Amino acid sequence: MTDLPVQWLEPLPLPGRQALPNRIPPGPMEGITEGSFCRALALRRLVRCWITPFIRLTTGVPRRSRLESRLAPYRETGLPVVVQIMGHDIGLLAAAARRLTELGIIGIDLNCACPTKTVIGNGAGGALLRRPEWIREALLALRTACPGVGLSVKLRTGFSSPSALPDLMAAMREGQPDFAILHYRTVEELYRRIPDGWSRLAQAKELAGSVPLLASGDIYTAEDALRLWRECRVDGVAPARGLLRNPRLLCDIEAMCQGQTPLPYSRADSLPLLADIASDPGQDDAASPGFVLDFAARSLGSDDPLFLRLSACRTLGEIRSLLGTACTNPQTE
Ligand SMILES: Cc1cc2nc3c(=O)[nH]c(=O)nc-3n(C[C@H](O)[C@H](O)[C@H](O)COP(=O)(O)O)c2cc1C
């Protein structure tokens with residue numbers, strides 16, 4: 001078989017006659033899949049839905065107005081939105097999820113994967129991988145609280161060791177989410193290279209039963225997705241950092257599912273998106289170019305000549321004008 005499965009293009013049904021538009025959603029990235037980046041991707045039709053970065057729930061249910069403003073950048077794109085929540089208090093998670101369902105979302109995603117120290121210290125995110133029974137209970141409680149929307153869970157393969165996988169997958173199955181996303185590293189592995197990631201995904205796919213399993217981890221090209229599919233037979237993928245290098249990645253994977261060969265990606269393809277992000281109306285010319293530079297470093301590479309010129313700019317206005325020229329003459333930049 002040379003192509004990705006056409007089934008990855010099929011909608012993934014959720015309660016309330018909703019659906020994830022296909023099985024290739026963008027992976028959530030806190031601080032990145034937000035605001036201007038989302039608007040730019042949506043404007044160029046490079047995504048079909050959102051899974052938001054986590055909303056952290058620690059003390060109380062956020063006011064409706066706060067949740068509304070948090071979701072506004074996603075809802076404004078007109079694309080279906082799955083909201084990710086994170087916490088350790090099941091009652092609080094369920095109450096917040098209930099309020100979120102009033103805001104026109106298609107699903108709730110439970111984060112049991114975040115590896116950051118503060119989150120782990122609070123017993124949330126990836127810390128919950130040490131408590132498979134908690135994951136099962138939380139999923140069942142969220143389903144009861146929000147029967148009319150989709151329910152999914154984001155997992156890693158364990159806290160310290162992937163030997164946790166059978167117990168985690170059993171808990172996930174019993175919690176009956178509509179789908180699960182599995183990042184193939186453990187929490188302690190953070191973002192390190194691991195040699196056996198795909199065999200973990202293959203094992204997880206076997207253990208997931210009838211719950212669709214979307215894979216996450218180091219999918220930078222459609223060919224990566226194809227190799228992963230051949231080895232693991234997962235039900236879809238949720239690429240994250242690959243979108244920064246190639247914002248067209250999800251479309252490339254879709255094209256391969258249709259038997260087409262994606263066009264080669266060139267650095268010049270990043271420039272219009274970068275220009276869109278820089279010219280996002282939320283900020284005036286005098287603003288600091290922090291996020292744009294961060295994105296430029298990731299998409300062009302920090303040793304790219306254009307990036308070096310961009311990083312010498314002091315304001316967004318200077319960046320905008322430099323990118324305007326670069327987009328007109330991509331070869332010379
Ligand atoms: C900057 C950054 C922020 C992230 N934020 C989230 C998040 O809010 N929720 C989540 O489930 N995963 C988050 N992730 C994890 C990604 O969704 C993904 O699982 C991980 O990066 C591995 O996939 P990749 O190699 O395709 O990036 C984040 C990753 C990065 C790099």
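This is a predicted model: local features need pLDDT of at least 70, side-chain atom pairs count only at pLDDT 80 or more; totals for chains, interfaces and linings use all residues.
- Strands of a sheet pair through backbone hydrogen bonds, and the pairing may be parallel or antiparallel.
- Here 7 strands form an open sheet with parallel pairing, in the order 3-4-5-6-7-8-9.
- At the edges lie strand 3 (50–56) and strand 9 (236–237), each of which pairs on one side only.
- Strand 7 (residues 179–183) runs parallel to strand 8 (residues 213–216), and 4 bridges join the two.
- Within this pair, I181 stands opposite L214 of strand 8.
- Helix 3 (residues 90–100) packs on the sheet, where it touches strand 4 (81–86) and strand 5 (107–112).
- The direction of helix 3 makes about 160° with that of strand 4.

**Helix 5 and helix 6**

- Two packed helices are described by the distance between their axes and by the angle between those axes.
- The axes of helix 5 (residues 132–145) and helix 6 (residues 165–175) come within 8 Å and cross at roughly 15°.
- Because angles under 35 degrees count as roughly parallel, helix 5 is roughly parallel to helix 6.
- The crossing of helix 5 with helix 6 is right-handed.
- In this contact, P132, E133, I135, R136, L139 and L140 of helix 5 meet D167, L168, A171, M172, E174 and G175 of helix 6.
- The residues of this contact comprise 7 nonpolar, 1 polar and 4 charged.

Key. Residues are numbered from 1 along each chain as its sequence is written. Two strands pair if DSSP finds at least two bridges between them. Two residues are in contact if their C-beta atoms, placed from the backbone, lie within 7 Å. Axes are lines fitted to C-alpha atoms, for helices over the stretch in contact, and angles run from 0 to 180 degrees between N-to-C directions. Angles under 35 degrees count as roughly parallel, over 145 as roughly antiparallel, 65 to 115 as roughly perpendicular and the rest as oblique. A crossing is left-handed if the near helix is turned anticlockwise from the far one by less than a right angle, and right-handed if clockwise. Ala, Val, Leu, Ile, Met, Phe, Trp, Tyr, Cys and Pro count as nonpolar, Asp, Glu, Lys and Arg as charged, and the others, Gly among them, as polar.
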